[in-house]
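Open the model in your viewer and keep the selection tool at hand. We will go stop by stop.

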Amino acid sequence: MVEAAAEQLVCVAGAGGFIGSWLRTPKNSHLLALDGAQERLSLYHADVLDYMSLRRAFSLCDGVFHVASPISNDPNWYCYAKTVVEKTAMEEASKRGIQLIIVIPSVTIGRMLQPTLNLTLSRVATYMKGTKKAYSNAVGAYVDVRDVALDHILVYEDLSTHGWYLCIGDMLHQSEFLQMMRELFPQYPITTKCKDENKPMIKPYKFSTQRLGALGMKFTPLKESLYNTVVSLQENGHIPVLLHKSSL
Ligand SMILES: NC(=O)c1ccc[n+]([C@@H]2O[C@H](COP(=O)([O-])OP(=O)(O)OC[C@H]3O[C@@H](n4cnc5c(N)ncnc54)[C@H](OP(=O)(O)O)[C@@H]3O)[C@@H](O)[C@H]2O)c1
């Protein structure tokens with residue numbers, strides 16, 4: 001493993017978001033309260049579509065963690081945008097001799113540092129509140145937000161890394177995911193109804209996180225991430241706190 005220099009200046013684009021908040025850069029008051037924020041963190045306003053604002057933010061930085069992105073509910077737009085962005089970024093980085101590494105997290109859950117709900121956690125909240133009346137016959141891949149942040153740091157600090165790194169903790173059917181939620185929090189009205197229960201259950205896909213494993217990555221158990229997600233939703237007032245909360 002090749003070590004990067006110990007002291008580096010980095011920019012986290014999208015620092016105020018769910019994942020970026022765990023990469024330790026300030027945007028809002030919740031980030032300014034982090035350890036060392038006063039001495040080591042500077043805050044810039046930038047728009048990813050505004051070249052000059054990005055230049056200002058990246059100035060003098062050794063590296064950039066780019067986790068800023070508008071996120072859409074439309075899966076077609078989202079997948080298309082991600083594919084085009086990755087392809088273009090790889091081509092441009094290679095032309096300019098910049099080392100670009102892409103971390104691909106699955107659905108990211110876990111404790112929130114930011115007070116606002118992002119799209120992923122708002123979906124968990126709809127199940128907890130019982131507003132989602134049926135789940136899809138589908139599989140989902142999940143990873144803890146702290147693991148996503150750590151993976152970004154691992155690939156950044158190891159100078160031998162290159163290409164794409166799949167960041168997935170667990171993959172399971174929606175029914176199993178919701179069953180885990182019900183076991184942890186039986187007092188919530190989480191649906192047991194599948195949208196198309198007469199069809200064969202979709203099976204999980206095969207995947208490999210061996211590339212991150214080689215860097216020493218060990219993923220957080222899904223049950224722990226899910227527990228932290230729900231407690232975080234309660235603490236931030238996104239779902240009501242119902243009695244008889246279970247513990248891990
Ligand atoms: N959460 C997941 O389950 C998940 C899974 C896989 C991949 N990802 C990817 O991980 C990245 C971060 O996700 P997240 O969950 O942390 O999202 P998030 O909580 O919605 O945060 C997104 C961040 O991007 C910033 N942003 C949005 N549009 C911007 C623009 N035009 N210019 C500059 N900043 C902009 C937002 O800033 P403002 O708050 O100021 O708008 C926010 O800080 C995204 O690329 C997402 O596609 C997320």
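**Before you click**

This is a predicted model, in which local features need pLDDT of at least 70, side-chain atom pairs count only at pLDDT 80 or more, and totals for chains, interfaces and linings use all residues. Residues are numbered from 1 along each chain as its sequence is written.

**Stop 1: the whole chain**

Show the cartoon. The protein chain has 10 helices and 7 strands. Helices (H or I, at least four residues) and strands (E, at least two) are DSSP runs, numbered from the N terminus. The radius of gyration is 19 Å, close to the 18 Å that the globule rule gives for 248 residues, so the chain is as compact as a globular protein of that length. That radius is taken over C-alpha atoms, and the rule is 2.2 Å times the number of residues to the power 0.38. Along the principal axes, the C-alpha atoms fill a box of roughly 55 × 40 × 35 Å.

How much of the chain is buried? Buried residues make up 26% of the 248 residues. A residue is buried if 20 or more other C-beta atoms lie within 10 Å of its own, exposed if 12 or fewer, and partly exposed in between, with C-beta atoms placed from the backbone.

Now think about contacts. Two residues are in contact if their C-beta atoms, placed from the backbone, lie within 7 Å. Among contacts between residues at least 6 apart in sequence, 79% join residues at least 24 apart.

**Stop 2: around the ligand**

Select the ligand and its shell. There are 20 residues around the ligand, and Gly-17, Phe-18, Ala-68, Ser-69 and Asn-118 come nearest. A residue is near a molecule if its C-beta atom, placed from the backbone, lies within 6 Å of it. Next, colour α1 (18-21) and β4 (107-109): each supplies at least two residues of the shell. The largest share, 3 residues, comes from α1.

Colour the shell by class. You get 11 nonpolar, 8 polar and 1 charged residues. Here Ala, Val, Leu, Ile, Met, Phe, Trp, Tyr, Cys and Pro count as nonpolar, Asp, Glu, Lys and Arg as charged, and the others, Gly among them, as polar.

**Stop 3: the largest nonpolar core**

Select Val-12, Ile-19, Leu-23, Val-145, Ala-149 and Val-230. Of the 41 residues in the largest nonpolar core, these touch the most other members. Among the elements that each supply at least two residues of this core are β1 (10-13), α1, α6, β5, β6 (163-167), α8 and α10. The largest share, 7 residues, comes from α7. Such a core is a set of buried Ala, Val, Leu, Ile, Met, Phe, Trp, Tyr and Cys residues joined through C-beta atoms within 7 Å.

Zoom in on Ile-19. Leaving aside neighbours within four places in sequence, Ile-19 is in contact with Val-67, Thr-108, Val-145, Val-148 and Ala-149.

**Stop 4: helix α10**

Select residues 222-235. Helix α10 has 14 residues and reaches 20 Å from its first C-alpha to its last, close to the 20 Å expected at 1.5 Å a residue. The expected span is 1.5 Å times one less than the number of residues. Which residues of α10 are buried? They are Ser-225, Leu-226, Tyr-227, Thr-229, Val-230 and Leu-233. These buried residues pack against β4, α6 (119-129), β5 (139-144) and α8 (174-184). After α10 comes Gly-237, with a positive phi near 75 degrees.

**Stop 5: helix α4 and its end**

Select α4 (51-58). This helix is hardly covered: the count of buried residues among its 8 residues is 0. Click Ala-57 in α4. Ala-57 counts as partly exposed because 19 C-beta neighbours lie inside 10 Å. Not counting residues up to four places away in sequence, Ala-57 touches Cys-11, Ala-13, Tyr-44 and Ala-46.

Move on to Leu-60, in the loop between α4 and β2 (63-66). Leu-60 has 6 C-beta neighbours inside 10 Å, so it counts as exposed. Its phi is near 70 degrees, a positive value in a residue other than glycine. Most residues other than glycine have a negative phi.

**Stop 6: Val-107**

Finish in strand β4, with Val-107. Val-107 has 17 C-beta neighbours inside 10 Å, so it counts as partly exposed. Leaving aside neighbours within four places in sequence, Val-107 is in contact with Thr-120, Gly-140, Ala-141 and Tyr-142.
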